[in-house]
Every structure is written in C-alpha cells, then in structure tokens.
Amino acid sequence: MQVFEATTSPRGAGDSGSPRDNVRRRFIQVLLGGGLLASAASFIYPVLRYLIPPAATDMGGDTVVAARVGELKPNTAKIFRFGSRPGLLILGADGEYRAMSATCTHLSCTVQYRSDLKQVWCACHNGTYDLAGRNVSGPPPRPLELFDVHVQGEEIVVRRKREA
Amino acid sequence: MSAFALVKDWLDERFGWAELTKPLRKKTVPMHRLSYWYFLGGITLFLFVIQVCTGILLLLYYRPSANEAFESVQYITTQVQFGWLVRSIHSWSANLMILTAFAHMFSVLFLKAYRKPRELTWITGALLLFLAMGFGFSGYLLPWNTLAFFATKVGTEVAGQVPIVGQWIVIFLRGGEDVTGATLTRFFGFHVAVLPGITTLLLGVHILLVQRFGISVPPSVEEQWKRDPSAAREMKFFPNFALREMIAWYIALGVLGALAALSPWGLGAKADPFVPAPAGIKPEWYFLFMFQTLKLIPAKIWFIDGDLLGVLGFGLAGAVWVLLPFVEGLKWRLARVFVTGLGVFALAYIVSMTIYGYVAK
Amino acid sequence: MSAIHNEIMQTRDGERLRGTASARASQAWFLLAVAIWVAVAMFAASQAHSAALPQAVQSTCVDCHSALDANLKVTGEQYAQDIHAQKGLTCAGCHGGDPTSMEAMDKKKGFKGHIDRKAIPELCAKCHADGAYMRQYNPSLRTDQLAQYKTSVHGKRLAGGDSKVAVCIDCHGVHGIRAVKDPRSKVFPLNVADTCARCHADGKYMQGYPIKHDQFAGYSTSVHHEALTVRGDLSAPTCTTCHGNHGAAPPGVASVVNVCSTCHVFQAQLFESSPHKPAFAAAGLPGCVTCHSNHRIVHPSDSMVGTGPQAVCTECHTQGDAGFVAAGHIKEQLVALQAAIGRSDEVLRRAEESGMEVSQAQLDLTSARDQLTKARVTLHSFTPKKIDDDIKVGQVTAEKTRLAGEKALRERDYRRMGLGISLVTILAMLVGLKLYIGQIERK
C-alpha cells in the first residue's frame, strides 16, 4: 500500500534543495503565516469589539424609562418612545404620574396633553380622552392603552400592563 | 530548539505526549475517488465549534425572558459592535451544520461505513443529528419573535399526539399548558445546558469510535483494492489530511462570513400571544418534510387518528434508522439492497417533501 | 277588524258566550274550549320560547295577534324584545284597552285600535316629552324629540297633511322597538343610512318631492361610510350626524361649516379665518361641501389641490389670478414633501432589506408623515405661508431620516468591505495551504 506523507518536514527541508526551492518554500511560509495571522485577526478583532459593552445599556422591551423625576412640572406631559410607538407620560396637577399610548385610536395621530383642559387631546380631529385614557369626546372609537407607571429611584419607569 | 518544540518536550516528559498523540500520527485516511465525502464529518465538527463559540458570545447579552428576549436580541444586532455578525453567524452556522450533518449521514449510508464493527459510530451519529435538530428547535424560539412563537406552538403540539404520555410531553416541553415565557426559559435551558452536555458526551464517543476503527473504505473500492493491491492508496491523517480538512474549514468560514454579511439573519416582529397566528407558519427547513407529511395525512385513516399515525410513523422510522446497521447484519439475502434502497427512498422523500413544503401554501 | 275579532272570541270563549244553550252541551263545549285554549297557549309559549315574557306583563293581546297576519301580526318575540315591554309597559300603553282581561278591546276601557299615522308623534310624545315620566326609566334620555320633529322637514310636511313622510315608527319600528344602542335597532349607527334610504333612495316613493334620491348612493362611496362600516368606528358620521335625527333637515348654506366643524374642528377654524370665507359668502357658496361635495365625500387627495385636471381650485380660480398661482405653489409644496418622504422611505427600506436596523429612523419618518397630514389640514387656511411652515418642518425630518438611511447603507458597505478583507485573508490561507500540501507531498 502506498502512503502519502510529508516527505520533508518544513523545518528540515531548508537545508537541502535548490535556491529556487528555498524561495518557493519561503514564499509559502510567508503566505501561510500571514494568512493564519490575518485570518486569526479577522476573528479576534470582531470578538474583542463585541465584548465591549455598548454605551446604551437599555434594551427596551415592555419596560422603558420614560423620564427622570423632576423632569416634568405638575400639569405637564411628555412624549416618550415605547418600542416603535410613542407613549405619553403625564404628571397630573395632582402630582400623579400616568402613562398611556400616544397613538390616537381614531386615525393614529399622536395625541398631546392639554394643560388648560387637563385632558388628552388629539389635534387631528379634536378627539379628547380623560386622564384614564377613556375617549370622552370627538371621533376616537376606543380608549387609549394605559400603561403602568412606577417611580424607581430617580427614574420613572413605564411598563405595559400584563395580561393575566 | 524552537519554543514549540520546548513545550512539546516538556509535555512529553510529563504526560507522554508523543505516546498520547501516537495514534493520531499513525492514523491514515484511505484515498480513492470517493474520499471527498470524508470531509463532511470534519466540517460538521468545525461548525459545531463555531456554534459553541458564537453561542457563548451571545450569552453575554441575551436575556431569556419573554419580556426581554426579543429586545436583547435586537440589542445584540443593533447596539453591540459586531453583534449582528455574531448572531448571523450563529444562525447561519446552525443551518449549515444541520445540512452538513445530513450530508455526512447519507454519505456514510451510501458508502456503507456503518457496517460491523462501526454500528455504534452510526448510532451515536444518528443520535447526534437528532440532538442537532433539538438545538435547532429550541434555539429557534429564543429570539421570541412571532414566527418562532407560533412554529413552537405547532411543533410542541405534535408531541401531544404521542399515545399515553403525549400530553405529559407537551407540558414538559412547554413548561405549562401553553407556549409562554416559561417555555422560553425551558428552551433556553435545553439549548445552552442540557443539549450541549449530552452532545459533547456523544460527540466524544463518536470521535473516539472513529479513531478506534479508522476510516471505513467503501465495499466497491475495497474489492477493487483486493483485486489489485497496488492500487490501494492511503494518506497520513496528520498533516496531509488535516491540512486538506483545514482548507474545507476555511471555505466554510468564508461561506459563513459571506452569508452573515450579505444576508444577515432577520429578527421579525416580537411575539404577541394575543394576535392571531400569521398565515403560512412553517417550521425550519429541516422539519419541513415532517411538517408537510403531517399536513398531508388525512384526519382519519380507517379508525386511527391521522396525526397519531404520522407521529408514530416518524418515531418508528427514526428507530429503524438508528438501528439500520443491525438490519444489514441480519441473515437476509436482500439486507444490503434493502438498506441502500431505504437510504435512497429516505433521501428522495426528504428532498421532495421539503421542496413540496416550500412550494405549498 | 271587528269581524275578525268576534270570530276569535267565538273560538276562544265560545263556551262562555253561548253558555245558556244546554248544560250538557255546555260541559262538552267547555272541555273542548279548554283543550283549544291550552293548545293555543302552549303554541304561543313555544313561539316566544326563550324570550321569556315577564310574567307581570303577560298580555292576552299577543296570544291572538301572534296568530294574525299582515299588519295585525305581533309575535311574542317582538313583544319580548320591545324596550317598552321590557320596562313593563303593555300594548295598552299605546292602544288602550285592558290586556289582562278577555275584554281587552273594549272601547269602554279606552281601547283605541288602529292609530292614525298623523297621531303617532303626539302619541309617543305623551310619554317621551314628559320629563318627569321619562326620568323613571332613563333619566338621561332627552324629551325634546317631538319639539325637534316639528322643526324637521318630516314634521312640517306631516303638519301640512302629507302622511307619506316619516313618523316615529318609520325609523324606530312599531312593535318590537329596540333601544338605540341595540345593534339590531333600525336606528343603531350602522343601520341609520339603510333606514333613511328605505324612502330616500326610492325614486318612485320620492316622486313629487323637490329632492334627489342619490344621497345614499353617494354616501355609500364616502369616507364616512367607510369609517363607519369598514373600520367599525361607530362615531363616524351617518345621515343623522349632519341632518339631525328627530329634527332632520338639510343644513343651510351658512351652517354647513358649523356642522362639519363638530368633528373637523381645525379645518373649520382655519377656513373661518381664511380668505375663502368672505369670498364664498359673497358668492353664496357653502363652506366645506363646495370642494368636498355633500354626500359623496371621498377621501381627499392632493390631486384636489392645485391647477391640475382634478383640482377643485380651478372651479373658481383661472390662469393668471393670485389664487391660481397660490394653488399651484401649495400643490408643489405638498408634492415635494411627499416625494421627500418617499425618498427617505425608499432608502430606509433598502437599508432594512440588507439587514440593517433602522427602526428609529422609521419611527422618526412617521413624524414627517404627520407633518404632511398637518400641512394638508393647514391647507384650509388657504394661506401659502402657513402651509410652507409645516412643509419645512416635515422636510427637515425627512432629510434627517434619509441621512440615517444612507448612514445605514454606508455601514452595510463597511460590513461588505470587512467581508472582502476577511475573504482575501481566507483566500490567502487557501492558496498557502494548497501550496504547502503540494510542497510536503512532492517526492
């Protein structure tokens, strides 16, 4: 049986052979070594970059930090991003935080808080909702989805209500 | 003396390195026109190693809860540097691994490498393929997107068809009556702890057996070599075959990189148990042939429930498949033809059903 | 009427009516009558089945009338679902008589029988206009329906002797009047248009009246109809929203804007302070409907604006006047923002398709779309400066998102470059390995 095997070891082979062979051997060594190093670098580089935690540590989800304590004055509100949709965080005149979806149930415009009316108002067709998100006048057919609000330390955390 | 040689000597002195690696250095690989098929096992192993590495990397950021799973995967792909690459490679490599594992299995079948004394190698291999599919099934749910959610719902439902213990299996798999966050936690556990543990063990046995028995030569080539011993060729495993295997690995790596960069694995929409299932829910391609079969079976055959028949059928087929080497060992004239025929039929069935599953609405 | 009545009385109470004939015969007759009575009662009960009449209002009227035909038929089911019956009122409430006794239709007990159409509004109003009475049942129900009705075209014509016009029962039904909030009620929002159309879309019926009968056909193609029936928005306008229900009449030229503004507040406010307001008034044109039509109010599109073939502006403005120029400018601005949004959308879509995450930019782009919607509302000020301001904000956002999309595409190219580099190193390795194998295996 014929067996293919390394007839020369790369190390020992340098001593014998023609100069042309030596050049060829050297070239192969450089190519292999370089390729090995470069390809190793091209895995290690992304992996090292991957290991660095990104600046934004908030992953989002059903919970989001909508604002910081003190950011809102009583009887004002702000729009925050909740997933891919806007949410409305209201600090009522009574000092209570309330949060709800900011997408009008009529034609999906973004609603706003009216300090003068103490109501949530949609500018597109004059729909109004009360502070519990219920549609009280105008065209909106359904209430706004209400979210849970918790104050955790300095952060005002808004959470989607859990079903069951 | 080079540093490498120094380390080697140091090890040799203490552990008998030379002794330990002797079988590896003595190991040879038969060379013939079908030798190319020998690479498949190695490629599958390589892809498995990639899975382990990228999987560990993903674990750094992934959060296994229904509330955060989707967001954490989104975070990995958008916020973490090269996170998209790691995740895409993990997903693509998983699919390629199952593909090469299937190819490896069929090549072993058609090259008749499962014959005595290699029955156990075949059995561990077949079990490893099932485990790989288990990895695929459990991993598919982890991003917690709509498609995965419903595919898991359908997939686990099938287990409920198993007689007597069916309902128990479903509850065991789902961690409750329905697919919920509890299922996600469970699948995560299976995916990163249970399955890797069993797989590593079986893989060790599988590779050890391959080393023990050496590489099988297909009967046709063997006969030819018997007639003309001068035609027999062998190659040293190390370094000749290993270098060639390395070429295959590098090619696999290039393919993976290209797939990940040019066609990053999508994420879909977050699973919402309260929305109706989207139309055309299909499992991953490697389950499609089973899925399609179950769809085609009539609701009732005679008095037996169609789905039950399908599940039992696949269970039986899987068992026969695992025990295939023993069929050939039977004192039966047609045993060899039967096994090959079964292999051809299985391949044709899987391929055609998979294509049908893709085309069918 | 009375003939039929007597006949039934004979069947039912034959025994009692002719009880003096003979004791024996009367016994036999009595037994037969009881049998028939039980049979009829059981039949009626089975008809009413689960409707389960309140025992207290069990009415003898229904027992017979459920077996009658045509106008005289009142089934137990109708009776059971009638809001009045449910509140404990009986047939006698409208028709008089005494439904608890066998002499239900005794004129002495105030039985009225058939009620003339012309008397119906007043009859219903006897309770429905009585605040103190209605308060017992539904304190929030209005009691001015009759007063309103008298101001309606229907009411006026009825007073003038035209009995073809709608009275209470034509819309609310007669026996089996359901509460308005019952989806099966003929005046439930989803059913109002069909109810009005029963007469108003009937060309033959409407002959001799000075109005057309295509309102329903027009309304059926309108955006309001779509909102109501397709989107299921029960607050969307139907006939009565603009015309009033009990006081139904077409809004006058001057009040059109007021009517539309109950929902379209902004557009109305803007219109009120726009140069169109005095101009329309001078020309005797109503607001809103001049451009949007009345019943066939389709979803407005940008093609209504400008100087193009479908533009409504050119109805009044002609080449060369200031309004013509302004219309052209406004249209241009709307189209420009639309196009900018389209471009951003396209870039973002391409980025998304190549696997880039651009959800934030896509979210931002919706605010540019909101801005376009806003500009389309501001349009009703017919003041180019105000519209330009809205457009400008939208343009800035659209531009920002487009840049975000392009950045994502550059990132994609960067990834591809990275891939290229690593593929080159891989290729170098492959060549190196191949050559190395060749070298060590060279004999």
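1. Chain A has 164 residues, and 27% of them are buried. This is a predicted model, and the points below should be read as such.

2. The secondary structure of chain A is one helix plus eleven strands. Read from the N terminus, the order is β-α-β-β-β-β-β-β-β-β-β-β.

3. Next, the contacts within chain A. Take those between residues at least 6 apart in sequence: 34% of them join residues at least 24 apart.

4. Chain C is built of helices. The count is 23 helices, with zero strands. The chain runs to 443 residues, of which 27% count as buried.

5. Among pairs at least 6 apart in sequence, 54% link residues at least 24 apart. For chain A the corresponding value is 34%.

6. Now the contact between the two chains. Chain A supplies 25 residues and chain C supplies 28 residues. On the chain A side, helix α1 of chain A (residues 19–51) gives the largest share, with ten residues. That helix is the one helix of chain A.

7. What is the class make-up of the side of chain A that touches chain C? Twelve residues are nonpolar, eleven are polar and two are charged.

Key
Residues numbered from 1 in each chain as written. Chains lettered and ligands numbered in written order. Predicted model: local features only at pLDDT ≥ 70, side-chain atom pairs only at ≥ 80, totals over all residues. Helix = DSSP H or I, 4+ residues; strand = E, 2+ residues; numbered from the N terminus. Buried ≥ 20, exposed ≤ 12 C-beta atoms within 10 Å, placed from the backbone. Contact = placed C-beta atoms within 7 Å. Nonpolar A, V, L, I, M, F, W, Y, C, P; charged D, E, K, R; others polar.
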